[in-house]
Amino acid sequence: MSSDVFINNAWLPGADGEFDVVDPSTGEAIRAVSNGGVSDATAAVDAAATALKSWRRVAPRERGEILRRTFELMIRDRDELGALIAAENGKSLTDAKGEVTYSAEFFRWFAEEGVRMGGDYGSAPAGGTRTLVTHHPVGVAALVTPWNFPAAMAARKIAPALAAGCTVVLKPASETPLTAFAIARLMVEAGLPEGVVNIVPSSSAGKIVGAWMEDARVRKISFTGSTAIGQVLLKQAADRVVNSSMELGGNAPFIVTEDADIDAAVEGAMVAKFRGGGQACTAANRLYVHADVAEEFTAKLGAKVEALTVGPAAEGSDIGPLINAKAVDSTHALLAGAIEAGARIAHQAPVPADSKGFWFAPTVLSNVPADAEIVHEEIFGPIAPIVTWTTDEEVIGYANDTEMGLAAYVYAGELQRGLRLGEAIEAGMVGVNRGLVSDPAAPFGGMKQSGIGREGARAGLEEFQETQYLSVAWPD
Ligand code: NAP
C-alpha cells in the first residue's frame with residue numbers, strides 16, 4: 001500500500017485506496033498513488049490550522065531561509081526532478097528541466113520578497129489621526145493545481161503563501177501528483193516545520209476540494225486550471241466569501257506584422273506554440289499573420305515543425321505525447337472541424353506509429369477562417385492555425401473576439417507599433433517580439449474569464465495577505 005498523503009511531514013496511506021499515475025508516452029501505469037479521502041482532507045486542514053498559529057509568527061527571514069534552501073535543493077536535483085516531470089507529464093526533458101529552473105526561481109524570488117513586507121504610516125487629511133497600515137497572512141490556503149506544469153504551478157502558490165505566513169493544503173492534479181511529492185520531500189530537507197505544507201492526492205478532486213471549501217478554517221482558495229472548474233470554485237467560494245485567486249484558461253493570439261523579423265517570429269512561434277506540446281495556458285492558440293508575409297512565415301514555420309522529433313522524453317525527443325486519450329480525441333475533433341471549415345494541413349511532423357502513447361502530430365494549418373471553432377476554443381495541443389489579416393484594426397478585433405485574456409504575442413518591426421498593438425489587446429500578459437512571457441518577477445495572470453489575481457512579482461505575495469489598518473487618535 002502506498003503512502004502519499006502528506007500531513008504534518010508524515011507520509012500516510014489514503015482513506016480511499018489507490019489510483020494509478022500513467023506515463024502518457026506508453027499508456028502504462030508508473031505506480032499506484034494513495035487516494036486521499038474526506039477524512040484526509042480534514043486532517044490536512046487540522047494540521048495546517050495548528051501550524052498556522054506558530055508559522056505566522058516565524059520571522060520572515062527564517063521563513064525565507066527555508067524557501068531559499070528549497071530553491072537550492074531543486075537546482076541540485078534538477079535532473080531527477082526533470083525526469084520525474086517528463087515521466088508523469090510526458091513533456092520533453094528540455095522542457096521539464098526548464099520547468100524545474102522556473103519553479104525553483106519562485107522559491108528564490110519569494111524568499112527575497114518575503115523579507116520586504118512593508119506597511120504604511122500616514123496622517124489623516126483632517127488631522128487628529130495617524131493611520132498605520134499592516135499586512136497579515138490570510139490564513140490556511142487551499143491550493144489546487146493542473147497537470148501541465150506539475151512543479152511550476154505548485155511552486156508559484158506554495159512559495160508566496162509561505163512567505164506571507166500562510167500554511168497550505170494542496171491537491172495536485174491526479175495525472176501528475178508525483179512531482180508535488182518530490183517538492184515536499186525537498187522542503188522537509190530544507191527545514192519545513194510540520195503542518196505548514198500538506199498534500200492530499202485524489203482521483204475525486206471535487207470531494208477533497210469541496211471539503212476544504214466548506215471548512216471554516218480555510219480562508220483562501222488559489223486555483224489554476226480550466227475556466228469551467230474555476231467557475232465551480234468561485235460559486236463555492238461565494239457561500240463563505242473565501243478569498244479567491246484564479247489562474248484559468250487562455251486563448252492567446254500570436255500576431256505577426258508585415259514588417260516583423262520573420263525568422264525571429266518563427267522562433268518565437270515555435271516556443272509560444274510548441275513548448276510542452278502546446279499544453280500551456282499561455283500557448284499561442286491562433287496565429288494572425290499579415291497577408292503580405294503569410295506565405296514566407298508558413299513555409300519557415302512548417303520547415304521547423306516538420307523537423308521536430310516526436311516521441312518519449314527519455315529518447316531525447318523535442319515533443320512528447322498529449323496528457324491522455326481524451327486530449328488526443330478532443331484535439332483531433334478540433335482539427336477535423338477546422339478542415340471542414342476550409343483550413344488546410346500545410347505541414348506536419350511524423351509521430352511514433354507503433355506505440356500506445358497519446359500521440360498527436362504537430363501541425364501547421366493554413367487558410368483558417370477567422371471564425372473557425374479552432375481559433376475560439378483553447379486547443380491545448382500542437383496545432384498552429386494561421387489566419388491572415390491586412391489592417392491593425394482588423395487584427396485587434398480578431399485578438400479581442402474572445403472571453404479569454406491571458407497571454408498574447410506581437411512581433412512587429414517597429415517597436416512602437418508592437419507596443420500599440422500590445423496595449424490594445426485585452427490580455428494580462430503580452431510578449432513583444434518574444435514568444436515567452438513567464439517570469440517569477442512579473443505579475444502572471446489574466447483578464448476577462450482567464451482569471452482573477454496575479455502570481456509572481458510583489459502581487460503574488462499580496463494574494464496571500466489581508467490588509468489591516470490601525471487608526472490611532474493623535475491629538476495635536
Ligand atoms: P482542470 O480540469 O480544471 O483541473 C485543474 C485542477 O482542478 C486539477 O487538480 C483537478 O483535479 C482539479 N479539479 C477538477 N475538478 C474539480 C472540482 N470539481 N473541484 C475542485 N477541483 C477540481 O484543468 P486541467 O485540465 O488540469 O488544466 C488545463 C487548464 O488549466 C487549461 O484550461 C489551462 O489554460 C489552465 N491553466 C491555466 C494556467 C494559468 O496560470 N492561468 C496555468 C496552467 C493551466 P484532477 O486532476 O483530479 O481532475
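Biologist: Is Q449 buried, exposed or partly exposed?

Modeller: This is a predicted model, where local features need pLDDT of at least 70, side-chain atom pairs count only at pLDDT 80 or more, and totals for chains, interfaces and linings use all residues. Residues are numbered from 1 along each chain as its sequence is written, and side-chain values use heavy atoms, with hydrogens and water left out. Buried means under 20% relative accessible area, exposed over 50% and partly exposed in between, using a 1.4 Å probe and protein chains only. Q449 has 31% relative accessibility, so it counts as partly exposed.

Biologist: Which residues is Q449 in contact with, beyond its neighbours within four places in sequence?

Modeller: Q449 sits in the loop between β20 (447-448) and β21 (451-452); strands (E, at least two residues) and helices (H or I, at least four) are DSSP runs, numbered from the N terminus. T227 is 222 residues away in sequence, yet 6.8 Å away in space, C-alpha to C-alpha. Taking contact as heavy atoms within 4.5 Å, the partners of Q449 are T227, Q231, L248, E403 and M404.

Biologist: What do the buried residues of α3 pack against?

Modeller: Helix α3 covers residues 78-89, and its buried residues are L81, G82, I85, A86, E88 and N89. An α-helix has 3.6 residues a turn, so residues three or four places apart point the same way. The buried residues of α3 pack against β3 (18-23), β4 (28-34), α2, α4 (93-113) and α6.

Biologist: How do α2 and α6 lie relative to each other?

Modeller: The axes, lines fitted to C-alpha atoms over the stretch in contact, of α2 (residues 60-76) and α6 (residues 178-189) come within 9 Å and cross at roughly 125°. Angles run from 0 to 180 degrees between N-to-C directions. Under 35 degrees counts as roughly parallel, over 145 as roughly antiparallel, 65 to 115 as roughly perpendicular and the rest as oblique. So α2 and α6 are oblique to each other.

Biologist: Which residues make the contact of α1 with α7?

Modeller: The axes of α1 (residues 38-55) and α7 (residues 205-214) come within 9 Å and cross at roughly 40°. That makes α1 oblique to α7. The contact is made by V38, A41 and V45 of α1 and, from α7, K207, I208, A211 and W212.

Methods:
The expected span of a helix is 1.5 Å times one less than its number of residues.
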